[in-house]
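Look over the sequence and structure first.

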Amino acid sequence: MTTAAFTPRVFSGIQPSGGLTLGNYLGALKRFVEMQDAGTHETIYCLVDLHAITVWQDPAKLAHNTRELAAAFIACGIDPERSILFNQSQVPEHAQLGWIFNCVARMGWMGRMTQWKDKAGKNAENASLGLFGYPALMAADILVYHATHVPVGEDQKQHLELTRDIAAKFNHDYGTDFFPLTEPVIEGVATRVMSLRDGSKKMSKSDPSDMSRINMTDNADAIAQKIRKARTDPEPLPDNEAALEGRPEARNLVNIYAALSEQELPTVLAEVGGKPFSEFKPMLADLAVAKLSPISGEMARLMKDTAEIDRILSRGAERARGVAAPIIDRTYEIVGLVR
Ligand code: AQP
């Protein structure tokens, strides 16, 4: 069923699989705050720790990263009163629906996921079963709230299509219209922030090179140094978008500038067109420091009281269960699972 018959509700998540990057911030978190502030939808945001453990996580680091990610959400502007903010493992309904969707999704669908191919690589025999089934759990994360809209970066588009396929197959198999066909929301200039070292690779928290990304906890010196050393080409910046064709590193830096300054790309190109990188990079570094330093400062302040973060997460989990539990009850009934 299309989303029209359902309460307008946004769900999205981020893995606590390492420090947050500028890519996660511009592609996801900043958009989460905008959707919360728009007030047009209920907003549910999740730290997807069960997804993080599909690859090895050191237990102490996972706990630290989960709390730090919660601090990042709040520091960026997520209000735990207006939005529901919690970590996935505290809401067992995700895993309950995830199992049912493991039985709905087909092996062939999962095998075609590019993220699976990228992450498992040539060593698929040794990858965890959880990594293979990741998109079915992601579908459960979304559909256990009957979410109508999911803001994500470009890299998650295929998983969102699979979520719709799972909902459609469940609805078809059980002769129901219980689950919505959720809409992805992939908008803006920063839906795919690229590595600072290689304009053909996405910026990622698990990239072995720290110079490839800006971390939300980087200080001003580190941000400036990473931007100064970012790979570029020898030409000055163009004044129009068409001339960025074939210049992925230049496009990436200009996109980052546009997203951070909240301007359209043509406006930025009119401002910086003709400048050499030696002039543009310090402008970008100053802007990035001005935007990110208040966030990292607030994160550091929040991390001094982790008991308060834990309290916020467990209260969020309680509220999340209030939405998810009736949906699980009805799903069990539809499937014929006796309670
Ligand atoms: N480079 C990016 N540009 C724009 N958006 C991005 N996102 C991630 N990287 C970029 C968006 O951030 C959200 C959360 O992502 P995630 O942590 O759940 O997993 P991911 O997509 O696998 O992110 P990473 O940084 O690449 O993590 P690792 O290295 O652990 O795999 C999603 O909405 C994603 O689109």
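An oxygen atom of the ligand lies 2.8 Å from a polar backbone atom of glycine 153. The protein covers 97% of the 640 Å² of accessible area that the ligand has on its own (Shrake-Rupley method, 1.4 Å probe). This is a predicted model: local features need pLDDT of at least 70, side-chain atom pairs count only at pLDDT 80 or more, and totals for chains, interfaces and linings use all residues. Residues are numbered from 1 along each chain as its sequence is written, and side-chain values use heavy atoms, without hydrogens and water.

**Ligand contacts**
- A backbone N or O atom of valine 193 is 2.8 Å from a nitrogen atom of the ligand.
- The side chain of glutamine 15 has an N or O atom 3.2 Å from a ligand oxygen atom.

**Ligand shell**
- 22 residues surround the ligand (a heavy atom within 4 Å).
- The closest are Lys119, Asp155, Ser204, Lys205 and Ser206.
- α1 gives the largest share of the shell, 4 residues.
- The shell divides into 6 nonpolar, 11 polar and 5 charged residues; Gly counts as polar.

**Cavities**
- Helix α3 (residues 59-76) gives the most to the lining of the second largest cavity, with 3 residues.

Technical notes: Helix = DSSP H or I, 4+ residues; strand = E, 2+ residues; numbered from the N terminus. Polar contact = N/O pair within 3.5 Å; in protein donor to acceptor, adjacent residues only side chain to side chain.
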